[in-house]
Amino acid sequence: MGDYDISRFTTVGIVGVPPLAVIRALNEAKVIIHDLDARLVTASIDGVSPLLPKVYCAILRTVVLNALHLKLDAIFIDVGPGKCDCALHVSTILKEILSIPVIRTRNVDVAGCGTPISKARQDLTEKLLAITEGVKYATVTPCQFKSCKPKAGFWGVPPRDFSLLEPFPVTTHIYGWTRCMENKTPADEVLEAYCNPKVPTVFFAQSFCAKTALAKFLADRHPQALYLDVDFTTSSSAKAKVQAFLELSGALS
Ligand code: SF4
């Protein structure tokens with residue numbers, strides 16, 4: 001598994017979804033894992049401006065901010081088809097500015113672990129938190145939520161700002177890369193492109209992400225769709241758009 005010794009690490013950061021074999025080895029060595037894609041520090045994002053353009057994916061700007069402020073022994077960053085070229089270039093920068101190992105992975109796992117959380121009746125924020133937490137573990141915790149018929153759909157990656165998720169009903173099914181995350185197959189293009197034409201769906205992508213193309217393409221072909229890209233924080237107008245779309249499509253009734 002590469003030329004590094006996991007047993008020497010106490011705390012590591014992960015970016016994207018590294019292969020299951022890596023997560024399993026980290027779990028077995030009882031290494032603490034921080035998901036660097038998530039908001040973990042309160043420091044100003046301006047701190048990354050000397051390193052990354054302002055017009056860049058907010059998730060990866062957050063990754064760099066976390067990496068600058070957390071005490072880590074190594075970073076495992078997925079740069080394969082399950083993540084993106086933007087992450088590849090960020091790994092180059094992290095290698096240059098950090099004194100810890102920055103280990104690139106390419107996750108092409110194909111064995112699906114199931115997607116019960118994506119199809120459950122529960123607050124959408126809680127479901128996304130459960131899915132993103134699951135990335136740190138090689139084993140799957142049985143889903144605590146009951147399944148439901150979808151009245152709305154959220155397609156996309158976990159947003160940098162989870163307040164975008166607030167207007168959605170508990171009967172929202174999750175599609176796109178977030179569903180792939182739960183399935184532990186982040187490079188599964190077919191699963192990522194899957195959506196249900198009978199379910200009013202918000203197709204979301206982070207601004208400046210290549211996935212905006214797929215989100216827009218799928219939204220254009222879907223009979224009840226809202227395409228939305230959001231940068232660092234969710235504006236009140238973006239939230240109002242989602243609210244109006246869900247109301248008009250009957251998803252909230
Ligand atoms: S949101 Fe897009 S650009 Fe940002 S890390 Fe994810 S795949 Fe890469």
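Phe208 is found in the loop between strand β7 (201-206) and helix α7, where helices (H or I, at least four residues) and strands (E, at least two) are DSSP runs numbered from the N terminus. The structure is a predicted model, in which local features need pLDDT of at least 70 and side-chain atom pairs count only at pLDDT 80 or more, whereas totals for chains, interfaces and linings use all residues. Residues are numbered from 1 along each chain as its sequence is written, and side-chain values use heavy atoms, with hydrogens and water left out.

## Residues in loops

The phi angle of Phe208 is near 70°, a positive value in a residue other than glycine. Phe208 counts as partly exposed because its relative accessibility is 42%; on this scale buried means under 20% relative accessible area, exposed means over 50%, and partly exposed lies in between, with a 1.4 Å probe and protein chains only. Lys184 also has a positive phi, near 60°, and is likewise a residue other than glycine. Lys184 lies in the loop between α5 (177-183) and α6 (189-193), and it is classed as buried because its relative accessible area is 9%.

Ser118 sits in the loop between β4 (102-105) and α4 (124-134). Is Ser118 buried or exposed? With a relative accessible area of 0%, Ser118 is buried. Leaving aside residues up to four places away in sequence, Ser118 touches Ile131, Thr172, His173, Ile174, Arg179 and Glu182, where a contact means heavy atoms within 4.5 Å.

Another serine, Ser44, is found in the loop between β2 and α2, and it is partly exposed, with a relative accessible area of 44%. A polar atom of the Ser44 side chain lies 3.0 Å from the backbone nitrogen of Asp46. Ser44 and Thr62 are 18 residues apart along the chain, and their C-alpha atoms are separated by 9.9 Å.

## Salt bridges

Side chains of opposite charge can pair when their charged atoms come close. A salt bridge is counted where a side-chain nitrogen of Lys or Arg lies within 4 Å of a carboxyl oxygen of Asp or Glu, and by this rule the count comes to six salt bridges. The table lists some of them.

| Salt bridge | Distance, N to O |
|---|---|
| Lys216 and Asp220 | 2.9 Å |
| Lys136 and Glu133 | 3.1 Å |
| Glu166 and Lys239 | 3.2 Å |
| Arg39 and Asp161 | 3.6 Å |

The pair of Glu166 and Lys239, with its side chains meeting at 3.2 Å, links distant parts of the chain, since Glu166 lies in the loop between β5 (152-155) and β6 (172-175) and Lys239 in helix α8 (residues 236-248), 73 residues apart. Glu166 is exposed, with a relative accessible area of 53%, while Lys239, at 24% relative accessibility, counts as partly exposed.

Lys216 and Asp220, by contrast, both lie in helix α7 (residues 211-221), four residues apart, about one turn of the helix. Lys216 counts as partly exposed at 39% relative accessibility, and Asp220 counts as exposed at 55%. In the pair formed by Lys136 and Glu133, Lys136 is buried, with a relative accessible area of 18%, whereas Glu133 is partly exposed, with a relative accessible area of 36%.

How many salt bridges are counted between domain 1 and domain 2? The count is one salt bridge. Between the two domains there are also four residue pairs in polar contact, both residues being at pLDDT 80 or more. A polar contact is a pair of N or O atoms within 3.5 Å; within protein, one must be able to donate a hydrogen and the other to accept it, and residues adjacent in sequence count only if both atoms are side-chain atoms.
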